[in-house]
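Subject: Handing over a structure, with notes

Dear colleague,

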Amino acid sequence: MEEKKPIASLDLRGVICPTNFVKAKLKLEEMNSGEILEIIIDEGEPIANVPRSIKEEGHKIIKVEKLNSHFRLLIEKGA
Amino acid sequence: MGKKKNIDIKYDHALEEQKRPKVEVELEKGKKEVFNLDQLKSGGYIRQRQKDLFTVRLRCPGGRVAFEKLKKIAEVGKKYSKKDYAHISVRQSIEIPYVNYKDFAQLSEELKEVNQKIASCGPRVRVPTACSGCEYNPNGLIDVQKLCQEVDQKYFGIQCNHKFKISLSGCPIDCFRTNEMDLGFQGGVEPIWDEKTCTGCGICGYACKEGAITNDPETGKPTIDRSKCLYCADCIRACPTNSWKEGKKGLIVRVGGRHGRHPVNGSAIAELLPEEKMGQVIEKVIEWYNDRGKGKGRVRIGDILMKKWQDFVDFIKPVLGEYAVKNPKRPEFIKIHTFQTGWQPEPVIE
């Protein structure tokens with residue numbers, strides 16, 4: 001399956017919880033439903049918490065990729 | 001309301017000298033009875049140090065009070081309390097302090113306008129407490145507010161040997177400390193893994209705070225050690241593909257705990273008990289307590305449980321059925337007075 005193209009990207013490496021989530025949330029607010037945001041977050045706390053919060057906001061995580069000690073997520077903005 | 005000037009708060013010497021004066025009290029309009037002032041406690045009127053003054057404890061199950069009631073309580077408090085504040089009890093109930101017993105009937109009459117009831121103290125099932133539950137708290141797994149109202153309606157005030165406290169927590173964070181209650185219920189959800197939809201991203205392993213989930217280094221697929229799982233649902237919430245799903249949902253049941261001078265750590269006797277069975281468990285536990293406590297006076301269920309644990313386990317097993325914890329541990333004292341060495345718990349005898 002071909003990867004959907006993100007229209008925006010946030011490098012949230014080194015950004016602690018919950019600031020990382022808040023930044024992603026603000027970016028998603030600027031976007032239209034169905035559009036894709038790419039974020040890169042650290043492992044540990046961020047990867048344990050951010051996906052949950054994104055789901056709770058009604059968005060969909062369509063791809064998770066592990067890159068060394070961080071993760072790349074593709075988020076599809078919810079309705 | 002003009003009476004709220006400088007009041008002379010007399011010290012009640014009868015209280016200090018352990019005298020029990022009897023007075024005619026009108027608790028309800030037109031119903032006068034003679035009481036010893038300490039007896040009024042069982043009706044929710046708690047005697048204060050100050051002569052003729054009482055703290056009136058209101059019945060606020062789960063700490064949920066409608067704004068309409070709150071308004072009325074404030075109005076009544078301002079009218080009948082000699083002070084200008086309410087006190088929130090440790091069990092979530094609003095208390096109006098410094099009320100003269102001569103005002104009881106009028107005060108309760110006015111609270112009735114908003115259907116606000118007065119609580120009860122003494123040897124009986126107390127007003128149950130609960131967190132906000134799953135209704136709006138993101139961590140909540142079970143609607144403990146609903147269950148709390150049910151407990152209040154069905155079981156509040158039942159006579160026991162001693163006080164009997166019930167609390168409910170919506171999740172394993174257990175803000176309502178179900179292990180410190182005579183009987184506690186805490187919500188939980190069993191996670192079920194769906195291999196087909198799992199992409200092996202590994203997020204669940206990070207989300208699990210208990211180290212119960214480990215992901216295969218090659219495929220990322222999880223395995224779960226059920227003995228470590230607290231049923232908190234963090235994995236279910238974190239999974240991007242919803243491959244962790246909700247399985248059995250229910251209550252962890254703990255019994256025999258208490259706080260106070262010699263706190264006892266209550267024991268889990270059931271896991272993921274369906275909420276429909278909660279009432280039956282309450283009834284059976286109280287039945288056992290009242291039966292085994294016969295003739296023993298003021299004794300908490302935890303004390304009896306520590307002595308007759310096996311008897312209790314056998315008694316309660318048929319009610320818990322498949323949800324019973326295997327070989328549940330006897331409740332134990334929590335040592336908090338580490339500076340004291342003289343006090344020792346009584347030896348346990350079956």
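This is a predicted model: local features need pLDDT of at least 70, side-chain atom pairs count only at pLDDT 80 or more; totals for chains, interfaces and linings use all residues.

Chain B as a whole

Chain B has 350 residues, of which 39% are buried, and its secondary structure comes to nine helices and 15 strands. If one takes the contacts in chain B between residues at least 6 apart in sequence, 66% of them join residues at least 24 apart.

Two helix pairs in chain B

The crossing of α2(B) past α3(B) is right-handed. On the α2(B) side the contact is made by B:K72, B:V76 and B:Y80, and on the α3(B) side by B:L107, B:E110 and B:L111; by class, this contact has four nonpolar, no polar and two charged residues.

The other pair is formed by helix α7 (residues 278-292) and helix α9 (residues 309-320) of chain B, whose axes come within 10 Å and cross at roughly 155 degrees. That angle makes α7(B) roughly antiparallel to α9(B), and α7(B) passes α9(B) in a right-handed crossing. From α7(B) the contact draws on B:Q280, B:V281, B:K284, B:V285 and B:W288, while α9(B) contributes B:F312, B:F315, B:I316 and B:V319. Sorted by class, the residues of the contact of α7(B) with α9(B) are seven nonpolar, one polar and one charged.

Strand pairing in chain B

Strand β12 (residues 244-255) of chain B pairs with strand β9 (residues 183-193) of chain B in the antiparallel sense, over 10 bridges, and within that pairing B:W193 stands opposite B:W244 in β12(B). β12(B) also pairs with strand β14 (residues 267-273) of chain B, again in the antiparallel sense and over four bridges, where the bridge partner of B:V255 in β14(B) is B:S267.

A cysteine in chain B

Is B:C148 buried or exposed? Since a residue is buried if 20 or more other C-beta atoms lie within 10 Å of its own, B:C148, with 26 C-beta neighbours inside 10 Å, counts as buried. B:C148 lies in helix α4 (residues 144-155) of chain B, and, leaving aside its neighbours within four places in sequence, B:C148 is in contact with B:P61, B:G62, B:P128, B:A130 and B:L168. For one of these, B:P61, the C-alpha atom is separated from that of B:C148 by 6.7 Å, although the two residues are 87 residues apart along the chain.

The sheet of chain A

Chain A contains an open sheet of four strands in the order β1-β2-β4-β3, with mixed pairing. Its edge strands are β1 (8-11) and β3 of chain A, each of which pairs on one side only, and the twist averages 15 degrees from one strand to the next. Strand β2 (residues 36-42) and strand β4 (residues 70-76) of chain A pair in the antiparallel sense over seven bridges, and the bridge partner of A:L37 in β4(A) is A:I75.

Helix α1 (residues 19-30) of chain A lies across β1, β2 and β4 of chain A and runs at about 170 degrees to β2(A). α2(A) packs on the sheet as well, touching β2, β3 and β4 of chain A, and its direction makes about 155 degrees with that of β2(A).

Where the chains meet

How many residues of chain A are in contact with chain B? There are 11, and they are in contact with 10 residues of chain B. On the side of chain A that touches chain B, α2 (45-56) and β3 (60-67) of chain A each supply at least two residues, and the largest share, six residues, comes from α2(A). By class, that side of chain A has five nonpolar, one polar and five charged residues.

With kind regards

Notes:
Residues are numbered from 1 along each chain as its sequence is written. Chains are lettered from A and ligands numbered from 1 in the order in which they are written. Axes are lines fitted to C-alpha atoms, for helices over the stretch in contact, and angles run from 0 to 180 degrees between N-to-C directions. Angles under 35 degrees count as roughly parallel, over 145 as roughly antiparallel, 65 to 115 as roughly perpendicular and the rest as oblique. A crossing is left-handed if the near helix is turned anticlockwise from the far one by less than a right angle, and right-handed if clockwise. Two residues are in contact if their C-beta atoms, placed from the backbone, lie within 7 Å. Ala, Val, Leu, Ile, Met, Phe, Trp, Tyr, Cys and Pro count as nonpolar, Asp, Glu, Lys and Arg as charged, and the others, Gly among them, as polar. A residue is buried if 20 or more other C-beta atoms lie within 10 Å of its own, exposed if 12 or fewer, and partly exposed in between; C-beta atoms are placed from the backbone. Two strands pair if DSSP finds at least two bridges between them.
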